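Student: I've just opened this one and could use a hand finding my way around. Can we go through it bit by bit?

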Amino acid sequence: MTGLSTILIVVGLFLAGGVYSFSKQKMPRGVIVLLGIGSAMCLVAGVMRIQGLWD
């Protein structure tokens, strides 16, 4: 596992927590969707780097 993979996964989990928190606070749906997309992208990129599919 490389350092960048770890950072991407941690940022993705942080953003996922933000999605949960913002949805509990009844924030605008657009903000929640953007955080969700960012979270998914970070998590997928981190996992792909771990698997060696993306250098």
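Student: Leaving aside neighbours within four places in sequence, which residues is Ser5 in contact with?
Tutor: This is a predicted model, where local features need pLDDT of at least 70, side-chain atom pairs count only at pLDDT 80 or more, and totals for chains, interfaces and linings use all residues. Residues are numbered from 1 along each chain as its sequence is written, and side-chain values use heavy atoms, with hydrogens and water left out. Contact means heavy atoms within 4.5 Å. With neighbours up to four places away set aside, the partners of Ser5 are Gly46, Arg49 and Ile50.

Student: Is Ser5 buried or exposed?
Tutor: Ser5 sits in helix α1; helices here are DSSP runs of H or I, at least four residues, and strands are runs of E, at least two, numbered from the N terminus. Buried means under 20% relative accessible area, exposed over 50%, and partly exposed in between, with a 1.4 Å probe and protein chains only. Ser5 has 0% relative accessibility, so it counts as buried.

Student: How many helices and strands does the protein have?
Tutor: Along the principal axes, the C-alpha atoms fill a box of roughly 40 × 15 × 10 Å. Of the 55 residues in the protein, 22% are buried. The count comes to 2 helices and 0 strands.

Student: What is the direction of α1 relative to α2?
Tutor: Axes are lines fitted to C-alpha atoms, for helices over the stretch in contact, and angles run from 0 to 180 degrees between N-to-C directions. The axes of α1 and α2 come within 8 Å and cross at roughly 155°. Angles under 35 degrees count as roughly parallel, over 145 as roughly antiparallel, 65 to 115 as roughly perpendicular and the rest as oblique. So α1 is, relative to α2, roughly antiparallel.

Student: How many nonpolar, polar and charged residues are in the contact of α1 with α2?
Tutor: For the classes, Ala, Val, Leu, Ile, Met, Phe, Trp, Tyr, Cys and Pro are nonpolar, Asp, Glu, Lys and Arg are charged, and the others, Gly among them, are polar. Sorted that way, the contact of α1 with α2 has 17 nonpolar, 8 polar and 1 charged residues.

Student: How far apart are the end C-alpha atoms of helix α2?
Tutor: Helix α2 runs over residues 29-51, which is 23 residues. The expected span is 1.5 Å times one less than the number of residues, so α2 should span 33 Å. The model agrees with that, as the end C-alpha atoms are apart by 33 Å.

Student: Which residues of α2 are buried?
Tutor: The cover over the buried residues of α2 includes α1 (3-24). One of the residues in α2 is Ser39, with a relative accessible area of 6%, and Ser39 touches Gly12, Leu15 and Ala16, not counting residues up to four places away in sequence. The buried set in α2 is Ile32, Leu35, Gly38, Ser39, Cys42, Ala45 and Gly46.

Student: What does Val31 count as?
Tutor: Val31 also belongs to helix α2. Its C-alpha is 9.9 Å from that of Gly18, 13 residues away in sequence. At 32% relative accessibility, Val31 counts as partly exposed.

Student: Is Lys26 buried or exposed?
Tutor: Lys26 is in the loop between α1 and α2. Its phi is positive, near 60°, in a residue other than glycine. With a relative accessible area of 72%, Lys26 is exposed.
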